[in-house]
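Please work through the model shown below. The questions come after it.

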Amino acid sequence: MEITIRNIHDTELNTFVEVLTEGARWIAKNNVPMWDEADLTLDQLLHSLTIDNVYAAIIGGEFAAVMILQEEDSFFWPEDLSNDSLYLHKLCIRRKYAKSGLSSSMLEFAKNRAHDLHKSYLKLDCASDRPSLRQLYEQHGFQLVREAQVMEKYSAAFYQYKVKSYAEA
């Protein structure tokens, strides 16, 4: 299975939203809602993102997974003032590619992107009540930084991965 991970093009924005919406519906169907579909519109997403922040894994010409990589995240990481981190958001694998190792490929791509941008850390947040998701990140070398309530209603776990060549330089 050949995987290409790259920035998406303007013409692919609707497909990006479609993958996220599919993921949100699947998660909600399993009684563990995570993303509100109202927040997954192009207008909402492009309010704080640019096309340069959006990546897709392509398999056989099809979007198999998507994610957002940002160089700034003052909402979830307001203490980060030094611009030494890359932030991962909304990693979403299409169901037909679940358990294929695609999550690992996306995380490795994100780590390499952080390295290429000379960042010391790759950071992310996730719902703290999702043990299998947390285990995935921990298996890939992410360390728990803290747990906190977000927007006074969501319990979140905050993780970081140390990009060795820059964090230790």
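The questions and answers below concern a predicted model.

Q: In what order do the 7 strands form the open sheet?
A: The sheet is open and its pairing is mixed. From one strand to the next, the twist averages 30°. The strand order is 1-2-3-4-5-7-6.

Q: Which residue is the bridge partner of Leu 88 in strand 5?
A: Strand 4 covers residues 85-93 and strand 5 covers residues 121-127. The two run parallel and are joined by 4 bridges. In strand 5, the partner of Leu 88 is Leu 124.

Q: At about what angle does helix 3 run to strand 3?
A: Helix 1 (residues 13-29) lies across strand 2, strand 3 and strand 4, and runs at about 95° to strand 3. Helix 3 (residues 102-116) lies across strands including strand 1, strand 5 and strand 7. Its angle to strand 3 is about 35°.

Q: Is His 140 buried or exposed?
A: His 140 is in the loop between helix 4 (131-139) and strand 6. Leaving out residues up to four places away in sequence, His 140 touches Ser 104, Leu 107, Glu 108, Lys 111 and Tyr 161. Its relative accessibility is 14%, and the cut-off for buried is under 20%. His 140 therefore counts as buried.

Technical notes:
Residues numbered from 1 in each chain as written. Predicted model: local features only at pLDDT ≥ 70, side-chain atom pairs only at ≥ 80, totals over all residues. Heavy atoms only, no water. Pairing = 2+ DSSP bridges. Axes fitted to C-alpha atoms, helices over the stretch in contact; angles between N-to-C directions. Contact = heavy atoms within 4.5 Å. Buried < 20%, exposed > 50% of the residue type's maximum accessible area, 1.4 Å probe, protein only.
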